[in-house]
Amino acid sequence: MNIALDMMGGDFAPEQTVKGIQLYLSESVSPAFLLLLGDEQIINPLLKENNIPPDRVKTIHAPQIIGMHEHPTKALKEKQQSSIAVGFHLLATGKADAFISAGNTGAMLVGSVYSIKTMAGIQRPTISTIIPRENGQTGLLLDVGANADCKPENLNQFALLGALYAQHILGIDNPRVGLINLGEEEGKGNILAQAAYPLLKNNKQINFIGNIEGRDVFLNKADVMVCEGFTGNIILKLAESIYEITKRQNIHNEYFDRFNFEDYGGTPVLGVSKPVIIGHGISHGKAFKNMIALAQKMIESDLMGKMKESFEGN
């Protein structure tokens, strides 16, 4: 199992990326082999300094970097030797089984769609986020920003992708799927929600429980919460701000501490043929460790294979 890791992506890379590798290798019982992409003159001294075992990693020289504010498509086309472009090449050619980066999110999404392609039957890939629930468990929210505008069919596909992820990665049997809306009653909401509801209701592959409201997001109402990326991103950023406020106010609370994104690592791109994980730009070592562990779990569970089977003939 080979996992490719962009060493240059993120505000605190590559130092914190190396810290994440160190944590992952020290805590994993059977770690994957890591392909480290970036400027070898910068990376190799850091690996040595942090006592990273040379038999567990391989540095692949990628001297170019795609900046956070560069145009994704243009940058990928013009910077073929960037760590992100090299990562997708390794993934597309089968030399890597998963790819992780905390770099330019747009470039990661574009690379996912055009380098390794979406699964047959999938109209659009989606990104999700883990939602801490008050009862100590976790839920899944999607889409959280990849698709600001959606069709009802998109939400129906997101629901199945989310349900499969919740089942095989989060360990939730028969996950409950809810449609985020402004009321619980059928027929509520805007045109998108009204049109998506019957599709979800008639989808025999998911356990659809109906509409859920904003007040239900952090409660034990639904395991998978579906919406278009505009609404989902607002909920995600609101949740992040809650955590930031508690830290600034020096509030120590077991529940609100679970809003720390570092505990979950990054978000996988669901609906593409191979595991791609996008990290937050401000990721530190703990987040990188968890992203690598998530990639390994996605590979070992054959999540992508299970998703492909569910969409065959759809």
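## Aromatic cluster and ring pairs

F218, Y255, F256 and F259 form one aromatic cluster in this predicted model. The structure holds six aromatic pairs. Rings of Phe, Tyr and Trp (its six-membered ring) pair if their centres lie within 6.5 Å; planes under 30 degrees apart count as stacked, over 60 as edge-to-face and the rest as tilted.

One of the six pairs joins Y197 and F208. Their ring centres are 5.2 Å apart and their planes stand at 75°, so this pair is edge-to-face. Y197 belongs to helix α7 (residues 191–201) and F208 to strand β8 (residues 207–212), so the pair ties together parts that are 11 residues apart in sequence. Helices (H or I, at least four residues) and strands (E, at least two) are DSSP runs, numbered from the N terminus. Both Y197 and F208 are buried. Buried means under 20% relative accessible area, exposed over 50%, and partly exposed in between (1.4 Å probe, protein chains only).

Y255 and F259 make another pair. Here the ring centres are 5.2 Å apart and the planes are at 90°, so the geometry is edge-to-face. Y255 has a relative accessible area of 17%, so it is buried. F259 is at 7%, so it counts as buried.

## Basis of the model

This is a predicted model: local features need pLDDT of at least 70, side-chain atom pairs count only at pLDDT 80 or more, and totals for chains, interfaces and linings use all residues. Residues are numbered from 1 along each chain as its sequence is written, and side-chain values use heavy atoms, with hydrogens and water left out.

## Surroundings of Y197

Y197 sits in helix α7. Its relative accessible area is 11%, so the residue is buried. Y197 touches L179, E186, F208, G210 and N211, not counting residues up to four places away in sequence. Contact means heavy atoms within 4.5 Å.

E186 lies 11 residues from Y197 in sequence. In space, the two are 7.4 Å apart, C-alpha to C-alpha.

T126 lies in strand β5. With a relative accessible area of 0%, T126 is buried. Leaving out residues up to four places away in sequence, T126 touches L142, D143, N147, F158, L161, P268, V269 and L270.

The side chain of T126 also makes a polar contact with the side chain of D143, at 2.7 Å. A polar contact is a pair of N or O atoms within 3.5 Å; within protein, one must be able to donate a hydrogen and the other to accept it, and residues adjacent in sequence count only if both atoms are side-chain atoms. D143 is in the loop between β6 (138–142) and α6 (152–168). The peptide bond from L142 to D143 is cis, with omega near 5°.

## Other backbone features

The peptide bond from A13 to P14 is also cis. Its omega is near 0°. P14 is in the loop between β1 (2–6) and α1 (15–27).

Which phi value does N51 have? It is positive, about 55°, although N51 is not a glycine. N51 is in the loop between α2 (40–49) and β3 (57–61). Its relative accessible area is 66%, so N51 is exposed.

K117 is not a glycine either, and its phi is positive, near 70°. This residue lies in the loop between α5 (105–115) and β5 (126–132). K117 has a relative accessible area of 47%, so it is partly exposed.
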